[in-house]
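Subject: Structure handover

Hello,

Here is the structure we talked about. Please open it alongside this note; my findings follow below.

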Amino acid sequence: MSTLYEITNEYMDILTDCQNQDELSEELISRLENIESTFNEKANNIALVIGEIKADCETIQNEITRLKHRLEVKSKSVNKLENYLKNKMEFIGKNKIETPIHTIFIRKSTQTKVSDKFIDWAMENQKEKFINKKTIYTADKKLIKEEIEKGSLECPYARLIENQNLIIT
């Protein structure tokens, strides 16, 4: 069976032959109908493959979602068990347990808790050194499109591109 590329080239050859003749012969009309049928069949087969790949993508996405949920459940189980063990060790006053497989101990650590009002307080009290500034700039594509369409934005770095999308139903 020919590839779509080969079929397309043959189709173009037939069209060239059609343009070079004043009147279409029966043989040329037959070749054109055959190649069109072959092209349509090949396009349909490719559409079927695209459908299968899309189904695979959906299955993979569903599996990713399922595994993310499973990871979340497992992580919560680990946290609950760690808190349970830590609380029971603290309750009986045991800071360290040594077994042939594991050494389990409670260690003190320091965590910095900052309320939502800290930024305002730091700004009011000239304590900006305690604030990290994060500025993210992104292009507003919707507004840019509107302004280009109106003709009120001319910029060498933004333009509208017309796409032709393949739709398979």
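I64 counts as partly exposed, because its relative accessibility is 35% (buried means under 20% relative accessible area, exposed over 50%, partly exposed in between, with a 1.4 Å probe and protein chains only). I64 sits in helix α2. Between I64 and K94 there are 41 Å in space, C-alpha to C-alpha, for 30 residues in sequence.

Some ground rules. This is a predicted model, in which local features need pLDDT of at least 70 and side-chain atom pairs count only at pLDDT 80 or more, while totals for chains, interfaces and linings use all residues. Residues are numbered from 1 along each chain as its sequence is written, and side-chain values use heavy atoms, with hydrogens and water left out.

Overall layout

The chain has four helices and two strands. Their order from the N terminus is α-α-β-β-α-α. The radius of gyration is 34 Å, well over the 15 Å that the globule rule gives for 169 residues, so the chain is more spread out than a compact globule. (Helices, H or I of at least four residues, and strands, E of at least two, are DSSP runs numbered from the N terminus; the radius is taken over C-alpha atoms, and the rule is 2.2 Å times the number of residues to the power 0.38.) Along the principal axes, the C-alpha atoms fill a box of roughly 100 × 55 × 25 Å. Of the 169 residues, 7% count as buried.

Nonpolar core

The largest nonpolar core holds five residues: I7, I14, C18, L28 and I35 (such a core is a set of buried Ala, Val, Leu, Ile, Met, Phe, Trp, Tyr and Cys residues joined through side-chain atoms within 4.5 Å). α1 (4–20) and α2 each supply at least two residues of this core. α1 gives the most, with three residues.

Pocket

The largest pocket has about 260 Å³ of space. (On a 1 Å grid over the protein atoms alone, a pocket is an open set of points where a 1.4 Å probe fits, with protein on both sides within 12 Å along at least five of seven lines; lining residues have an atom within 4 Å of a point. The volume is the space filled by probe spheres set on the points, which are joined across faces, edges and corners.) Among its lining residues are N79, E82, M89, F105 and R107. α2 (26–92) and β2 (103–105) each supply at least two lining residues. The largest share, seven residues, comes from α2.

Best wishes
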